[in-house]
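Hi everyone, thanks for making time.

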Amino acid sequence: MFKRIEKYKCPRCESEDILEFDNFISCYKCHLDFDKKFLGVINDENILAREELKGIFDTFSKRDT
Ligand SMILES: [Zn+2]
């Protein structure tokens with residue numbers, strides 16, 4: 001089931017130099033935000049940053065054919 005995370009680290013660069021918010025963490029190194037709900041649930045290499053998820057939504061919403 002869910003892994004318990006005691007100390008958050010960036011899934012992208014593994015830096016522990018992160019800022020923790022209620023729902024997400026923000027990495028000082030890569031300047032990306034990651035939702036806490038994905039951490040420890042999805043493999044690190046498959047976790048998308050909030051910025052990347054937004055990019056995907058944008059691509060879908062303005063799909064010009
Ligand atoms: Zn990082």
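**Starting from Tyr-8**

Let me begin with Tyr-8, which is partly exposed: 17 other C-beta atoms lie within 10 Å, where a buried residue would need 20 or more. Please keep in mind that this is a predicted model. Tyr-8 sits in the segment before β1. What is Tyr-8 in contact with, leaving aside its neighbours within four places in sequence? The list is Ile-18, Glu-20, Ile-25 and Leu-39. For Glu-20, there is also a distance: its C-alpha atom is separated from that of Tyr-8 by 7.9 Å, and the two residues are 12 apart along the chain.

Now let's step back to the whole chain. It has one helix and three strands, and reading from the N terminus the elements go β-β-β-α. Of its 65 residues, 11% count as buried. If we take contacts between residues at least 6 apart in sequence, 17% of them join residues at least 24 apart.

On to the sheet. It is open, its three strands come in the order β1-β2-β3, and the pairing is antiparallel. The edges belong to β1, residues 18-20, and β3, residues 33-35; each has a single partner strand, so one side of each is left without a neighbour in the sheet. From one strand to the next, the twist averages 25°.

Let's look at the pairings one by one. β1 pairs with β2, residues 24-27, over three bridges, and a hairpin of three residues joins the two strands. Within that pairing, Ile-18 has Cys-27 as its bridge partner, while Leu-19 has Ser-26.

Which residues make up the largest nonpolar core? There are six: Cys-10, Ile-18, Cys-27, Leu-32, Phe-34 and Ala-49.

Most residues other than glycine have a negative phi. Glu-14, however, has a positive phi near 60°. Glu-14 lies in the segment before β1, and it is exposed, with 10 other C-beta atoms within 10 Å. The other one is His-31, whose phi is positive at about 55° although it is not a glycine. You'll find His-31 in the hairpin of β2 and β3, which has five residues between the strands. Is His-31 buried or exposed? It is exposed, as 9 other C-beta atoms lie within 10 Å, and the cut-off for exposed is 12 or fewer.

Finally, the helix. α1 covers residues 50-61, so 12 residues, and from its first C-alpha to its last it reaches 16 Å, close to the 16 Å expected at 1.5 Å a residue. How many residues of α1 are buried? The number is zero, so α1 lies largely in the open.

That's my tour, and I'm happy to take questions.

Methods:
Residues numbered from 1 in each chain as written. Predicted model: local features only at pLDDT ≥ 70, side-chain atom pairs only at ≥ 80, totals over all residues. Helix = DSSP H or I, 4+ residues; strand = E, 2+ residues; numbered from the N terminus. Contact = placed C-beta atoms within 7 Å. Expected span 1.5 Å × (residues − 1). Core = buried A, V, L, I, M, F, W, Y, C linked by C-beta atoms within 7 Å. Pairing = 2+ DSSP bridges. Axes fitted to C-alpha atoms, helices over the stretch in contact; angles between N-to-C directions.
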